[in-house]
Amino acid sequence: MANVIVIGAQWGDEGKGKITDLLSRSADMVVRSQGGVNAGHTVVVRDQTFKLHLIPSGILYPDTECVIGSGTVIDPSVLLEEMGRLHALNVSTENLFISQTAHVTMPYHRLIDRASEERRGKQKIGTTGRGIGPTYADKSERTGIRVIDLIDPDTLREKLEWTIAYKNVILEKLYNLPPLDPSVVIEEYLGYADRLRSHVVDSSLKIYKAIRERKNILFEGAQGTLLDLDHGTYPYVTSSNPIAGGACVGAGIGPTVIDRVIGVAKAYTTRVGEGPFPTELEGEIEQLLCDRGAEFGTTTGRRRRCGWFDAVIGRYAVRINGLDCLAVTKLDVLDTLEEIKVCVAYELDGKTCRHLPSNAAQFARCRPIYRTLPGWKQPTTECRTLEDLPKQALDYLRFLAEIMEVPIAIISLGASRDQTIIVEDPIHGPKRALLDANGALWESVSVEF
């Protein structure tokens, strides 16, 4: 039995969907612990591509229970659309369960989100405009609507009549927007409730029972460490806690039941939205990374900013999350490069800085200090064992593992399930590093897809 947290070790978009999908084959339950429809996971199975926003990646395995935990915020219209797309692809959602204490994104949340971002002007933070921040704000203000309210018609009417009247003042007076009609919103959401009611459960209790039954549970995060509300590059962050500790809070379980924490990182770095990005590239190499990596957001379609691998934020992610291994994705994107750079430290005001500054102004002044490694100039997409990889690719992975002081368990070489090298099965395998004490390679674990 193993209870495993999978989190993003950069600014999100690291390929967590594929890694979660791979690990879900060994999981009895997959739990989504935070975030909302601002997240997006892409999973490719044979010739089909699945784009998931709220539903855990484990939904593609018919025997795996999937739970949307209380730390998430749920837009019912988007969730139902997502369920409908899965049904059209013959994927059942009978094993999908929704926390009764998760908060619900309402129309006024989306309107306020977009209007607020527009009003920020040059101070915008790059929100997706999906209402996530305002939903979490209402949660903190204790005026939010929870799923348990959504499925109770009398409670929903009572709460929304007051809340919409309050939000209409903000929409009209602050943002010069037309007011919402409470009766229209109430009827719309009562319709959503009828379609979702059968999926609603006490998620914390359900997860706890699975733990007591010694089942394998995978906790799936959205976004990434550097977008964490408390520990990310504030204010250019999300509205929840996508770090490992947030998974426990969002799922409603204690940290003592967690066995492993896996970080997912690209072989380079990307970022969506605003905010400092020390290793960001411009020109031909940036374009190459964007094109070969298909660096466009699953949720918004926005082009991602691309740069070299940043080991400073990598080490920070190891520390903040307690990572015990890494999954490195998109190694194949680097296949054509003559040389590859890794940021090993920053130069800040004339001094070497080896740790991520908490001060946003200082972080904006950081300049990367690089170590240059030779590229391998040959394709890796067909590699299925470590021995198949070019020596320079192995050296690159070895360098990342050493500088971040964490072993590499999984290497992804493309979007499909089979384009993967499993060095170690993080759920069933023993903990071990990419290299043993003598520097020899571990044999890759054979995995059937």
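How do the residues of the lining of the largest pocket divide into nonpolar, polar and charged? I found 17 nonpolar, 18 polar and 11 charged, with Ala, Val, Leu, Ile, Met, Phe, Trp, Tyr, Cys and Pro counted as nonpolar, Asp, Glu, Lys and Arg as charged, and the others, Gly among them, as polar.

I note that the model is predicted, that local features need pLDDT of at least 70 and side-chain atom pairs pLDDT 80 or more, while totals for chains, interfaces and linings use all residues. Residues are numbered from 1 along each chain as its sequence is written, and side-chain values use heavy atoms, with hydrogens and water left out.

I looked up the volume of the largest pocket, which is about 1000 Å³, a volume being the space filled by probe spheres set on grid points joined across faces, edges and corners. A pocket is here an open set of points on a 1 Å grid over the protein atoms alone, where a 1.4 Å probe fits, with protein on both sides within 12 Å along at least five of seven lines, and lining residues have an atom within 4 Å of a point.

I then turned to the second largest pocket, whose volume is about 520 Å³; among its 25 lining residues, Gly 15, Thr 42, Gly 293, Lys 330 and Ala 415 lie nearest its centre. Its lining divides into 5 nonpolar, 10 polar and 10 charged residues.
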